[in-house]
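Student: I have a two-chain model to go through, and I would like to take it one question at a time. Could we look at it together?

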Amino acid sequence: MSEVEVRDLTVEYQTSVGWLPAVAGASLDLRAGQITGLVGESGSGKSTLALSLLNAVPAPGRIAGGTIEVAGVGDLTRLGGKQLRKARGGAIGYVFQASQNSLNPLKTIGRQLLDLGRSHEVGDLRALIARAKDLANRMGLDGDRVLDSYQHELSGGMRQRVGIVFALVLNAKVLILDEPTTALDMLSQASVLDIVRKVHDENQLSTLIITHDIGAISEIADRLAVMYGGRIVEDGPLLDVLRRPTHPYTKALIGATARITGDVDGARALPGRPPDLTTVARAGCVFRDRCPFAVEVCAQTEPELETFESGRRRACHVEPSTVLTGPVLTGTTGTPAAVGEPA
Amino acid sequence: MTAFARRLAGKLAAGLVMVWVVVTFTFFLVHALPGKPGDVQYEQYIQSGMNAEQAAAKVKAIYGYTSHDSMLSQYGGYLGKLLHGDLGQSISYSGVPVSRLIWAALPWTVIPVLSGLLVSFLIGVTAGVVAAVRRSSRWGGLLTVSGSLFAGVPAFVLALLLLVVFHTEWNLLPDAGTSDIQYDPGWNLPYIGSVVQHAVLPVCAYALLSYGGWLLAMKSSVVSVLGDDFILASELRGIAPVTRARYIGRNAILPLFTVLALSFGVMFAGSFFIEDTFDYPGLGDLLLKSIGTRDYPVMAGAFLLITVSIIIANILADLCYTLIDPRVRR
């Protein structure tokens, strides 16, 4: 059963040359009890997609088409005003990057929880605080102390966990985490991911984790969706996608991941640079310029995201078997850090 | 609260040191003035027929020292008298203690300055919020322009403009003094009414002088808070709009306490021109007149008081920070 069903979602931004899509025709399901990882380079549209799940695309952006059905709430793109406000936080919890200051610096965590409760017209604020403390304790925080603290008194990892408390304290069934491990050291990364897995399992959530770190996500996700140029280009069960990537971009992305063991030269950077709003191809496949498998049809028609075997979808004109057995991109070697950086 | 008390004590100590530095500076400044004001005075007394002892005593009463003493004992004598609240005697109002002149002038500066600050704070901050929230609309742009305009116009031009428009052209408000001559000073309604009427233009001048600063400071502060992560976060958590507005307001107003302390200095600087224009007997007017008549003890006293006021304003602004911002408090 899907908690969230995204269909043909298109999000546009106004630029000097008109409205351009940052997310084009994306379809995605978030199922109860599953953690979905959404990976892609900077500018691939993954954060825009995540914000649009709350119908909160920042100006000058707008949702231009498609639907976002959330169980128990309805189509979020049609909601406005108080209904939309209550769906945010109430039905869907959003957790910010640890490096971001997602809390009011002038108020204690506890008082901000009360603000949250009052904003959502929670009758029993005492129970809300008790639940928050319980959540905090189960994530290895000292609930009493944390609720009495100001944001600047907490470390990055603690803020991250407090962010999860805020996201879940109203019993939201959908949890979205934006780059949850970015800006954390390795140990904090691991513990945050463990905690996410734990609260996810305990509360039977539908969780979406947005990241550019395919290594981190592979630790805990059940499903993987890959974005490029505003499109979801491939998705499926995590291990299956990692073992048998059928989209050239997925394959390149996995090939570019450096591993702690083994030669760093084993990681191969993608040649070229990711497109932005203005440079993304208007016709044909958005990845064709960097694709070693590109054929003639790629320049003319954009491939649809289609199910090619049970539970797996891809948007590519080339046969899956060709991609699977074909070469990893042969570009620059030994500079995995250059992924996504200007050439 | 102990942390607060410790902070307060530290601020006061630092303030006292600053006052001492200013006092010392003033002393040596008056001392370094060409013509040695004390000596000139001394010669004048001798010429008017006093004997040397009388003349020296008189000079000592005025300045707190005579130039026959060594520099150090002169300085010590000056400090000693200051500690007793004795600022010396005025030269132009012969024999009148400087402290009495200053106490008489003080309310005519402090009350209009504070009223002007309050008015411009309320209007400027509100306009700043509007200018920030509506910054892409025409009204927001106009407000910002008005802020830059008033922040840029010098005090004397503002004061003269007010005078021309509201007195010369429309004759709505009186042009000079603190009240009309026919009323007896005291707690009676006609006198107070007249005082208020006379205070309107100076207060407006002070308000306009600082309005632009408030507006521009608040606008940039609100714009930067609006871009903060926690504001987006509160929106994504479904926090009620009223609560979010409070979050924005409280965070945006913080930097303005610094502006408050600074604008206090600007106001006093403006008081020279504003009090001169409206012939208003405040501190600025006193200082200006004492410069004109080379009344050095009054100069030093007024200068000292203005400095102390600004230092106190800074301490107050700092304490406000401590009360509001937990990052400073703990």
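Student: Which strand of chain A holds Asp8(A)?
Tutor: This is a predicted model, in which local features need pLDDT of at least 70 and side-chain atom pairs count only at pLDDT 80 or more, while totals for chains, interfaces and linings use all residues. Residues are numbered from 1 along each chain as its sequence is written, with chains lettered from A and ligands numbered from 1 in the order of writing. Helices (H or I, at least four residues) and strands (E, at least two) are DSSP runs numbered from the N terminus. Residues 2–15 of chain A form the strand that holds Asp8(A), namely E1.

Student: Is Asp8(A) buried or exposed?
Tutor: A residue is buried if 20 or more other C-beta atoms, placed from the backbone, lie within 10 Å of its own, exposed if 12 or fewer do, and partly exposed in between. Asp8(A) has 11 such neighbours, so it counts as exposed.

Student: What is the phi of Asp8(A)?
Tutor: Most residues other than glycine have a negative phi. Asp8(A) is not a glycine, yet its phi is positive, at about 50 degrees.

Student: Asn55(A) also has a positive phi; where does this residue lie?
Tutor: Asn55(A) is not a glycine either, and its phi is about 50 degrees. With 19 other C-beta atoms within 10 Å, it is partly exposed. Its place in chain A is the loop between H1 and E4.

Student: How far apart in space are Arg85(A) and Ala56(A)?
Tutor: Arg85(A) belongs to helix H2 of chain A and is partly exposed because it has 19 C-beta neighbours inside 10 Å. In sequence, 29 residues separate Arg85(A) from Ala56(A). Their C-alpha to C-alpha distance is 10.0 Å.

Student: What is the radius of gyration of chain A?
Tutor: Chain A has 11 helices and 12 strands, and its C-alpha trace spans about 65 × 45 × 40 Å along the principal axes. The globule rule is 2.2 Å times the number of residues to the power 0.38, and the radius is taken over C-alpha atoms. For 343 residues a compact globule would have a value near 20 Å, which agrees with that of chain A, 21 Å.

Student: What share of the residues of chain A counts as buried?
Tutor: Contacts here are pairs of residues whose C-beta atoms, placed from the backbone, lie within 7 Å. Among contacts in chain A with a separation of 6 or more, 65% join residues 24 or more positions apart. Of its 343 residues, the buried share is 47%.

Student: Which element gives the most to the side of chain A that touches chain B?
Tutor: In this interface, 23 residues of chain A are in contact with 18 of chain B. Helices H2 (81–90) and H3 (109–119) of chain A are the elements that give two or more residues to that side. With 5 residues, the one that gives the most is H2(A).

Student: How many residues of that side of chain A are charged?
Tutor: Ala, Val, Leu, Ile, Met, Phe, Trp, Tyr, Cys and Pro count as nonpolar, Asp, Glu, Lys and Arg as charged, and the others, Gly among them, as polar. The side of chain A that touches chain B has 10 nonpolar and 9 polar residues, and its charged residues number 4.

Student: At what angle do H11(B) and H13(B) cross?
Tutor: Axes are lines fitted to C-alpha atoms, for helices over the stretch in contact, and angles between N-to-C directions run from 0 to 180 degrees. Under 35 degrees counts as roughly parallel, over 145 as roughly antiparallel, 65 to 115 as roughly perpendicular and the rest as oblique. The axes of H11 (residues 256–277) and H13 (residues 296–324) of chain B come within 8 Å, and their crossing angle is roughly 165 degrees. That makes H11(B) roughly antiparallel to H13(B), given an angle of roughly 165 degrees.

Student: What is the handedness of the crossing of H11(B) and H13(B)?
Tutor: A crossing is left-handed if the near helix is turned anticlockwise from the far one by less than a right angle, and right-handed if clockwise. The residues that meet include Phe264(B) in H11(B) and Ala313(B) in H13(B). The contact has 11 nonpolar, 4 polar and no charged residues. The crossing of H11(B) and H13(B) is right-handed.

Terms used. Two residues are in contact if their C-beta atoms, placed from the backbone, lie within 7 Å.
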